[in-house]
Amino acid sequence: MESSKQEVVFELPMTLRVHKDGHVERLTPTDFIPPSTDPITGVSSKDIVAVPESNITARLFLPKITDPNKKLALLVYFHGGAFVINTPFITPFHKFVTNLVSEANVVAVSVDYRKAPEHPIPAAYEDSMAALKWVASHSNGDGPEPWLNNHADFQRVFLGGDSSGANIAHNLAMTAGNPETELSIGLLGIALVHPYFWGSVPVGSEADYPDDKSIINRDYVDRVWPFICPSNPDNDDPRVNPVAEGAPHLVGLGCKRVLVCVAEHDVMKDRGWLYYEALGRSGWKGVVEIFETQGEHHGFHCYDLEHEKSKQLIQRLAAFYKTD
């Protein structure tokens, strides 16, 4: 038994190993940081079960309230981690959302969703949409969560996320743009930080990207989607390649504003630029912007919030969330 457990049949470096006996070994920290009131920013947080029947949980964040009668923009946030690791409750994402909420003065719901391989795609999308519908159930001020009833402005709802979480935000906005989707709120905008988009044919600098330049290199990204989505293990699946031939037209994106954030040394950078350019020429009636951080890699901001470039990224996101 022990020898079979030690035999690795699949690995994403520094992320996850799958052993022959089916055991999944996650290689990243899983510390739990409890909700609290942050002594520096005054941001409060608490954990809730949004959808009890499927155990979808989330962490809510409320900035320091100076005017209890003023409604604040609402951010529904999806964390990154290749659809296989991380939660809203670990230190990097708790602290990142805390700082973002403080800077932007928004109410935030940071959603946990089921992870592959135990729960392959589309589980993450299903959970995230269920959480968004739970959020929307507060739009008339009579939902189960008082922070949302009392403080959230449902005329200014944003989706945001990094990496796989940005992928979720895009796909939910596409779903929201479908007239048949039963969503009782509109989306003002989405902010995609280092979005996990890919494809079978290299674009831009991908073909020249040295495999030793970063842990998250071409080989790493090539292997993620087939692993998390065995039902359609194709890197041109429209959910991961929104500009693939035959993908739903981006003109149907269900929001009014989009901010795409990329990092110079991220192997997926050119996918972010391609998305930005494709959306801009699609006939979609909204406003799309892009922001590139020079000299940095994928997800740099989550692990060094005191870095000046992390602060600049948070400031850029905050400015976006403050738009009407």
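Let us begin with Lys-269, which is found in helix α7, residues 269–280. The model before you is a predicted one. Is Lys-269 buried or exposed? Lys-269 counts as buried because its relative accessibility is 16%, and buried here means under 20%. Leaving aside neighbours within four places in sequence, Lys-269 is in contact with Val-262, Ala-263, Glu-264 and Glu-292.

How many of the 13 residues of α5 are buried? The number is 11, and the helix is thus mostly covered. The buried residues run from Ser-164, Gly-165, Ala-166 and Asn-167 through Ile-168, Ala-169, His-170 and Asn-171 to Leu-172, Ala-173 and Met-174. The length of α5 can also be checked. At 1.5 Å a residue, its 13 residues should span 18 Å, and the end C-alpha atoms are 18 Å apart, so the two values agree.

The largest nonpolar core holds 75 residues. Which of them touch the most other members? They are Tyr-196, Ile-228, Leu-253, Val-258 and Tyr-275. Helix α3, residues 123–136, gives the most to this core, with 8 residues. Apart from this core lies another, of 26 residues, which includes Ala-191, Val-193, Phe-300 and Phe-320.

Which residues line the largest cavity? They are Tyr-77, Phe-96, Leu-100, Gly-161, Ala-191, Val-193, Leu-317 and Tyr-321. Three elements, α2 (91–104), β9 (189–193) and α8 (308–321), each supply at least two residues of this lining. By class, the lining has 7 nonpolar residues, 1 polar residue and no charged residues.

We come to the open pockets. About 590 Å³ of space lies in the largest pocket. Its lining is made up of 29 residues, and those nearest the centre are Thr-15, Ile-216, Tyr-220, His-298 and Tyr-303. Which helix gives the most to this lining? That is α6, residues 218–228, with 3 residues. In the lining of the largest pocket there are 17 nonpolar, 11 polar and 1 charged residues.

The second largest pocket holds about 420 Å³ of space. Of the 16 residues that line this pocket, Thr-41, Lys-95, Asn-99, Leu-305 and Glu-306 are the closest to its centre. The elements that give two or more residues to its lining are α2 and α8, and α2 gives the most, with 6 residues. By class, the lining of the second largest pocket has 4 nonpolar, 7 polar and 5 charged residues.

To close, I would draw your attention to helices α2 and α8. Each supplies at least two residues of the lining of the largest cavity, and both also give two or more residues to the lining of the second largest pocket.

Conventions
Residues are numbered from 1 along each chain as its sequence is written. This is a predicted model: local features need pLDDT of at least 70, side-chain atom pairs count only at pLDDT 80 or more; totals for chains, interfaces and linings use all residues. Side-chain values use heavy atoms; hydrogens and water are left out. On a 1 Å grid over the protein atoms alone, a cavity is a set of points where a 1.4 Å probe fits but cannot get out, and a pocket is an open set with protein on both sides within 12 Å along at least five of seven lines; lining residues have an atom within 4 Å of a point. Helices (H or I, at least four residues) and strands (E, at least two) are DSSP runs, numbered from the N terminus. Ala, Val, Leu, Ile, Met, Phe, Trp, Tyr, Cys and Pro count as nonpolar, Asp, Glu, Lys and Arg as charged, and the others, Gly among them, as polar. A nonpolar core is a set of buried Ala, Val, Leu, Ile, Met, Phe, Trp, Tyr and Cys residues joined through side-chain atoms within 4.5 Å. Buried means under 20% relative accessible area, exposed over 50%, partly exposed in between (1.4 Å probe, protein chains only). Contact means heavy atoms within 4.5 Å. Grid points are joined across faces, edges and corners, and a volume is the space filled by probe spheres set on the points. The expected span of a helix is 1.5 Å times one less than its number of residues.
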